[in-house]
Amino acid sequence: MKISSVGYSFKQGVKNIRRNLLFSLASIGTIIACLFIFGLFYIVLVNFRAAIHKIENTISISVFFDEGISEEGMNLIGEQIKTRKEINTIDFISADQAWQEFSEQTYDDPEAARAAFGEDNPLAGSASYKITLNDASAQADFVQFLESIEGVRKVKSSAVTADSISAINAFVGYASFGIIIILLLVSMFLINNTITIGITVRKEEIKIMKLIGATNAFVRAPFIIEGIIIGLIGSIVPLVLLYYLYDIVINYIAGRFTILNNLFEFREPMQMFKVLAPVTLAIGIGIGFFGSIITTRKHLKV
């Protein structure tokens, strides 16, 4: 397409928006609402997943050894465990360290308790590996693997907690996906109506253009540009709103609710929007582009 044709198509696309201003504003408003909710879900989901990951790191699995196992045997078991990709952290807890931690958690005066036992460690056979995983949903298979290792006497895990976290994670993911798809379909529907009205208004003009030899691409171009402009405006506005709102909210929470700061590791706005901005723009422009393509193919007999 020539530069002059591109300029004409752009002007006509803008004219179409002005002609059908009410429907154009409705389409833009719907896209803004949809992408604002999409961005809101994304922000909540990312921060929620970060919080879940933080909780996952506190769910540990303890691996205890057979009685009388040598230090070499413990090291060999550790090497086998470290080959697994699910592992986030793995720490060796010696019998002395286990006794010290137990006494501090159990007794009011842990030093007196340790002194009473002297050199006799009541947890002499309790050396273990303490393991955390990247994903709590992998715990069941990982525990089964640990139990199959020769020299492992017992594996202690929090299956109920891990299953609950996995279920919550999955529910939030599916619910967010379903809501976003519904909102995007509503946006496509409104753009469809806007473009259809534009075609109806210019029906006679389009017929004349076809009679004097206008190509299919030339006739469709203004409507496609119209859809792209609507999609672009509809994606920029929610991004600006979300950026400033997110910045205000995390600063407010940081100043007022220190407990939430300990639970949630809120991502910085720039870090969050490095992904959100291009994705939102692509979705907005994509809705406008494909919505106009589908509509022109359906309603334009060219």
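## The nonpolar patch and its surroundings

Author: Helix 9 (residues 216-256) supplies the largest share of the nonpolar patch, 5 residues; helices here are DSSP runs of H or I with at least four residues, strands are runs of E with at least two, and both are numbered from the N terminus. The model is predicted, so local features need pLDDT of at least 70 and side-chain atom pairs pLDDT 80 or more, while totals for chains, interfaces and linings use all residues. Residues are numbered from 1 along each chain as its sequence is written, and side-chain values use heavy atoms, without hydrogens and water.

The patch covers about 530 Å² of surface and is made by L232, I236, V240, Y244, I248 and I285. Patch residues have over 30% relative accessible area and no salt bridge; nonpolar side chains (Val, Leu, Ile, Met, Phe, Trp, Tyr) are joined within 5 Å, like charges within 9 Å. Areas come from the Shrake-Rupley method with a 1.4 Å probe. I285 lies in helix 11 (residues 269-299). With a relative accessible area of 32%, I285 is partly exposed; under 20% is buried, over 50% exposed, and partly exposed lies in between.

K11 sits in helix 1 (residues 3-19) and is exposed, at 59% relative accessible area.

On side-chain pairs, the whole structure has 1 salt bridge, meaning a side-chain nitrogen of Lys or Arg within 4 Å of a carboxyl oxygen of Asp or Glu. E86 and R84 form this kind of pair, with 2.8 Å from N to O. Side chains of opposite charge can pair when their charged atoms come close. R84 is partly exposed, at 26% relative accessibility.

T132, in strand 3 (residues 128-133), is buried, with 6% relative accessible area. The side chain of T132 makes a polar contact of 2.4 Å with the side chain of T89; such a contact is a pair of N or O atoms within 3.5 Å, one able to donate a hydrogen and the other to accept it, and neighbours in sequence count only if both atoms are side-chain atoms.

E67 is placed in the loop between strand 1 (60-65) and helix 3 (71-82). E67 is exposed, at 75% relative accessibility.

Technical notes
Buried < 20%, exposed > 50% of the residue type's maximum accessible area, 1.4 Å probe, protein only.
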